[in-house]
Amino acid sequence: MKTYINGIGCVSAQQTFEGEFAATFATNENLNVLPIVAPPYKDYFSPIAARRMSKAVKNGIVASTIALDEAKLQMPGAIITGTGMGCIEDSDKFLKAIIDNKEEFLTPTSFIQSTHNTVAAQIALGLQCKAYNFTYVNAAVSFESALLDGKLQIEEGEANSVLIGGIEEMTDYTASLFKLAGFIKKDEEGTFPMLGSKTSGTVFGEGAAFFVLENQKSDSTYAEVKDVEINNEIAAEILQLKVFDFLAANNLTVADIDLLVTGINGDAHFSNYYEELTQKQFAGTPQVYYKHLSGEYNTASAFGLYVGANIIRSQQIPGILKSNDQSRPAYKNILLYNQYRGLDHSFTLISQA
Amino acid sequence: MRVAITGMGIISAIGNSVEENFDALVSGRKAITDIANIPTVHANVIKVGEIKKTNDELATELGLSADNNYSRTAMLGAIAAKQAVENAGISDINQYKTGLISATSVGGMDTTEKHYYDYFNDENLVKYIAAHDGGDVAQKIAETIGLKGFVTTISTACSSAANAIMLGARLINAGKLDRVVVGGTDALAKFTINGFKTLMILTDGYNTPFDDNRKGLNLGEAAAFLVLESDKVVKEQNKKVLAYVSGFGNANDAFHQTASSENGEGAFLAMEKAFKLANLKPSDIDYINMHGTATPNNDLSEGRAVIRIFGEENVPDFSSTKAFTGHTLAAAAAIEAVYSVLAMQNGVVYPNLNFETPMQEFHLIPQTEIKHKKIEHVLSNSFGFGGNCSTVIFSKN
């Protein structure tokens, strides 16, 4: 059974929840933590309900609603989310209260909502969806784990339609820790370009991207998801070989790939992995990057899939996404490659449906 | 559907190995005690299922260098996974297409909560910032067993490890992996102690599953991992099969973020799916290892769901082992998977400790004394926040 992407909803640091793809994309190199462009939450839930919801829940509900609407799907056969850090807004809140108040005077609300599967559970609750409900929390492959599971559901006939998504939220406390640990580029650098960066660390962001996967093509089909592979570690020297094996398993070679979408994030310390592909066998392949628009986060690769799926459907590459000047008359097969700090490598192959 | 289990490893409050755990279970030896390793203001009003080893002792056991940044959750997981791999007689972990599916709810929260503000004053602590998330726990376990390949983590609260077993079995069944190490790990943390305390579902004594006067749960900590292998690997390597995963199901209660529905709808659906996949009837089950957390809400909801599946008069021998270990959250379904396999191997139903008074709502009496009998199929339930309901069925042959 083939797996098609039939609906996408995306909330990110760009205006991605409505309108034409990439029409308003803009790079902001002055920030090392990118805030989201907030969708009109009041169109989705009452202000009273919204007050109790964390960013992750709000953005997850908005993005999943958009994806379901586009696919004209009312009840998915499974709900699968990925989130590397989980609901950190609520877990930070609860943890801070424990420490500041010395374990006294606590209320359960933020604890209840701090669980990693809160977003998947809230979507199920809203839809009254009693189907399979999973949440993956494995850093940079959290979203790919959800994608892989969703594809497995469809391939094995366990479900005809699956709602998958990647959600991440950022908080001031976590941003301060990430700066301390050097994961976020130093404030003193002033500007934070991603291409050709010589410094370590990256620019962080947050967001939610949801996809409806179905076993049938429809009017709203973007692309077919051909394959997904995750690896916790790959030595840079054998990265190309791993990619060739992945392509070969799908009866493809480098020449068949019309576009390479990379998770380049400006971290000079780990850019060698991307360069293994971008500067060697794929040097003549059109290439795009996206984290200058979305920022880095554990499920930023879901934004990458949103980008890839839109390019394959529109057959156009917006200039702001290009990381080299190659082009092709048609974009049939797209390979996405992502890793974070040398770990959790993912290959995702999508094709024109 | 059936996938072979060829190795098991476990560390819990009742023992540091599979043998020690089994010995405690058949001796009726629970390990619910005062808390020793975590300074908390609630120390006098709660009891926990705590592994009586300090982090330094665990690190020494794993041979970690002084500059390691393993959280307690990662260390427990690494110890259990290592045992499982050894038990399965695996010498080269990457010989076949092998995966690791871990499960955790707190991840490295135990280090985060300890150093929360100190990170900014002590550069020696900064290494722990990267040890907070669930993925780091899985990566540490993968490093310990030398695995390079498919590694992921599931976090669906207290059903997490059941879902890890489920995904592992599905991946083997679909031919995506030849071999997979599945399980879960969670260390005790102030975060969960206070969380469950505010929900008012912690007992101040010893938890009493399925008792009418039950007052709530004891938290526990543990890790357990199982090795699942494809028929191909079992055949090629002439592997000894401990038992099989023969069915499973996950469903959502879609009722409330933390409470279970009155009639146990999610639990009912999960069990129903598991039976369908296993191609078994309720009457084939010889023992139910209940989720049985001893909270008023869980035991009522689970009991009702079990009655809906089996019929009130036909419920097989059942018990909850939470009175031994405490509720070990994301590790619970993994340690109970180990207990389920041991139940079949040794033909024994474990006692449901601390039970005195039957619940008023229905006629369900757990097995309170150890019982020896032939056990072919065990059904194990695990339910979590977010309405997450999971069932796994294990079979001897």
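1. Start inside chain A. There, 51 residues of domain 1 are in contact with 39 residues of domain 2. Contact here means that the C-beta atoms of two residues, placed from the backbone, lie within 7 Å. On the domain 1 side of chain A, the elements giving two or more residues are β1 (3–11), α6 (142–155), β4 (161–168) and β5 (207–214). Helix α6(A) gives the largest share, 7 residues. By class, this side of domain 1 of chain A has 26 nonpolar, 20 polar and 5 charged residues. Nonpolar covers Ala, Val, Leu, Ile, Met, Phe, Trp, Tyr, Cys and Pro; charged covers Asp, Glu, Lys and Arg; the others, Gly among them, are polar.

2. A word on the model. It is predicted: local features need pLDDT of at least 70, side-chain atom pairs count only at pLDDT 80 or more, and totals for chains, interfaces and linings use all residues. Residues are numbered from 1 along each chain as its sequence is written, while chains are lettered from A and ligands numbered from 1 in the order in which they are written.

3. Domains of chain A. Domain 1 runs over 3–214 and domain 2 over 224–351; the bounds come from an automatic or database domain assignment. The C-alpha centres of the two domains of chain A lie 21 Å apart.

4. Chain A as a whole. It has 11 helices and 10 strands. These are DSSP runs, numbered from the N terminus: helices are H or I of at least four residues, strands E of at least two. The C-alpha trace of chain A spans about 60 × 50 × 35 Å along its principal axes. Among contacts of chain A with a separation of 6 or more, 80% join residues 24 or more positions apart.

5. Burial and core. In chain A, 59% of the 353 residues are buried. A residue is buried if 20 or more other C-beta atoms lie within 10 Å of its own, exposed if 12 or fewer, and partly exposed in between. The largest nonpolar core holds 254 residues, of which B:Ile165, B:Ala224, B:Leu226, B:Leu228 and B:Val338 touch the most other members. Such a core is a set of buried Ala, Val, Leu, Ile, Met, Phe, Trp, Tyr and Cys residues joined through C-beta atoms within 7 Å. Beyond four places in sequence, B:Leu228 touches residues including B:Val3, B:Ile5, B:Ile172 and B:Val245.

6. The chain interface. 49 residues of chain B are in contact with 48 residues of chain A. The elements of chain B giving two or more residues to its side are α5 (134–145), β5 (150–154), α6 (160–173), α7 (190–198), β8 (243–252) and α9 (265–278). This side of chain B has 21 nonpolar, 22 polar and 6 charged residues.

7. Two backbone points to check. Most residues other than glycine have a negative phi. B:Phe210 has a positive phi, near 60 degrees, and sits in the loop between α7 and β7 (222–229) of chain B. B:Phe210 counts as buried because it has 28 C-beta neighbours inside 10 Å. B:Leu329 also has a positive phi, near 50 degrees. B:Leu329 lies in the loop between α11 (322–325) and α12 of chain B, and its 31 C-beta neighbours inside 10 Å make it buried.
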